[in-house]
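Please keep the sequence and the model open while reading.

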Amino acid sequence: MSFETDKFSHGYIPIYEKYFKECKNVLNVLEIGIYNGGSLRYLSNYFPNAIIHGIDIEYKKNIETDKIKTYICNQESREDLKNFLSSTNVMFDIIIDDGGHTMKQQQTSFGVLFKKVIPGGLYILEDLHTSIWETNLAHGGGFITEEDKITSLDMLTNYNKDKKIISNYITTEEINFLESNIESVEIWTRTPDFTQSVTSIIKKI
């Protein structure tokens with residue numbers, strides 16, 4: 001079966017599936033960023049017993065099935081994220097952030113959502129190459145602003161060095177939780193200069 005998702009062209013799928021094979025009895029998966037729904041369909045096929053939840057700032061109900069549910073949510077809004085979590089009221093086996101890719105979006109979502117990952121579950125933060133891109137013409141703007149003194153790639157690289165989370169967008173309470181509940185962080189890149197196809201797999205204790 002073919003799925004229209006750039007996770008294949010980036011080379012992410014073989015990396016993820018090494019982790020997915022270890023996940024047992026997956027019931028709920030969340031992906032941030034829906035686009036054409038190809039990734040949600042891939043996840044629904046890979047985890048046939050799971051409900052696949054997708055959030056996006058745009059209406060995407062047209063891609064829903066009995067196993068795929070979509071919600072309108074702004075990932076850089078704590079209020080939106082907390083409202084979404086309240087409405088679903090589940091713990092997630094896997095969360096994948098393939099959303100807007102700005103530093104504020106990535107780090108805010110990580111701070112809020114990691115608490116809702118099950119013990120032993122995965123939080124995947126994709127496309128970390130945006131941490132070193134000043135602009136991206138395809139999206140019509142920059143991913144990095146003057147406020148982004150610590151990029152998402154910096155945040156995870158620093159964690160692997162000293163087990164500390166440093167971020168301008170994550171609260172102190174969220175940082176304390178992250179530092180106490182992260183088991184491991186793998187950062188994978190297809191190109192040594194980190195200019196494209198960089199992702200991370202964060203495992204919860």
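Does lysine 204 count as buried or exposed? At 5% relative accessibility, lysine 204 counts as buried. Buried means under 20% relative accessible area, exposed means over 50%, and partly exposed lies in between (1.4 Å probe, protein chains only).

The model is predicted: local features need pLDDT of at least 70, side-chain atom pairs count only at pLDDT 80 or more, and totals for chains, interfaces and linings use all residues. Residues are numbered from 1 along each chain as its sequence is written, and side-chain values use heavy atoms, with hydrogens and water left out.

Lysine 204 belongs to strand S7 (residues 198–204). Helices (H or I, at least four residues) and strands (E, at least two) are DSSP runs, numbered from the N terminus. Contact here means heavy atoms within 4.5 Å. With neighbours within four places in sequence left aside, lysine 204 touches Phe114, Lys115, Val117, Ile118, Pro119, Gly120, Gly121, Phe177, Asn181 and Glu183. Valine 117 is 87 residues away along the chain, yet its C-alpha atom is 7.3 Å from that of lysine 204. The side chain of lysine 204 also has a polar atom 3.4 Å from the backbone oxygen of lysine 115. A polar contact is a pair of N or O atoms within 3.5 Å; within protein, one must be able to donate a hydrogen and the other to accept it, and residues adjacent in sequence count only if both atoms are side-chain atoms.

Isoleucine 182 sits in strand S6 (residues 182–189). Its relative accessible area is 5%, so isoleucine 182 is buried. Outside the four places on either side in sequence, isoleucine 182 is in contact with Phe110, Phe114, Tyr159, Ile165, Ile202, Lys203 and Ile205. Proline 48 is 134 residues from isoleucine 182 along the chain, and their C-alpha atoms are 27 Å apart.

## Helix packing

Axes are lines fitted to C-alpha atoms, for helices over the stretch in contact, and angles run from 0 to 180 degrees between N-to-C directions.

| Helix pair | Angle | Axis distance |
|---|---|---|
| H4 and H5 | about 40° | 10 Å |
| H2 and H3 | about 35° | 13 Å |
| H5 and H6 | roughly 45° | within 9 Å |

Angles under 35 degrees count as roughly parallel, over 145 as roughly antiparallel, 65 to 115 as roughly perpendicular and the rest as oblique.

Take H4 and H5 to begin with. H4 and H5 are therefore oblique to each other. Their crossing is right-handed. A crossing is right-handed if the near helix is turned clockwise from the far one by less than a right angle, and left-handed if anticlockwise. Arg78, Leu81, Lys82 and Leu85 of H4 meet Thr108, Ser109, Val112 and Leu113 of H5. The residues of this contact of H4 with H5 comprise four nonpolar, two polar and two charged. Ala, Val, Leu, Ile, Met, Phe, Trp, Tyr, Cys and Pro count as nonpolar, Asp, Glu, Lys and Arg as charged, and the others, Gly among them, as polar.

How many residues of helix H5 are buried? Ten of the eleven residues in H5 (residues 103–113) are buried. Among them are Met103, Phe110 and Leu113.

H5 also packs on H6 (residues 152–162). H5 and H6 are therefore oblique to each other. Met103, Gln106, Gln107 and Phe110 of H5 meet Ser152, Met155 and Leu156 of H6. The contact of H5 with H6 has four nonpolar, three polar and no charged residues.

H2 (residues 12–20) and H3 (residues 38–46) form another pair. H2 crosses H3 in a right-handed sense. Ile13, Glu17 and Phe20 of H2 make the contact with Tyr42, Leu43 and Tyr46 of H3. By class, the contact of H2 with H3 holds five nonpolar, no polar and one charged residues.

Threonine 88 is part of helix H4 (residues 78–88). At 12% relative accessibility, threonine 88 counts as buried. A polar atom of its side chain lies 3.3 Å from the backbone oxygen of leucine 85. Beyond four places in sequence, threonine 88 is in contact with His53 and Tyr71.

Most residues other than glycine have a negative phi. Tyrosine 35 has a positive phi, near 50°. Tyrosine 35 lies in the loop between strand S1 (28–32) and H3. At 68% relative accessibility, tyrosine 35 counts as exposed. Lysine 163 has a positive phi too, of about 60°. Lysine 163 is in the loop between H6 and helix H7 (172–181). At 46% relative accessibility, lysine 163 counts as partly exposed.
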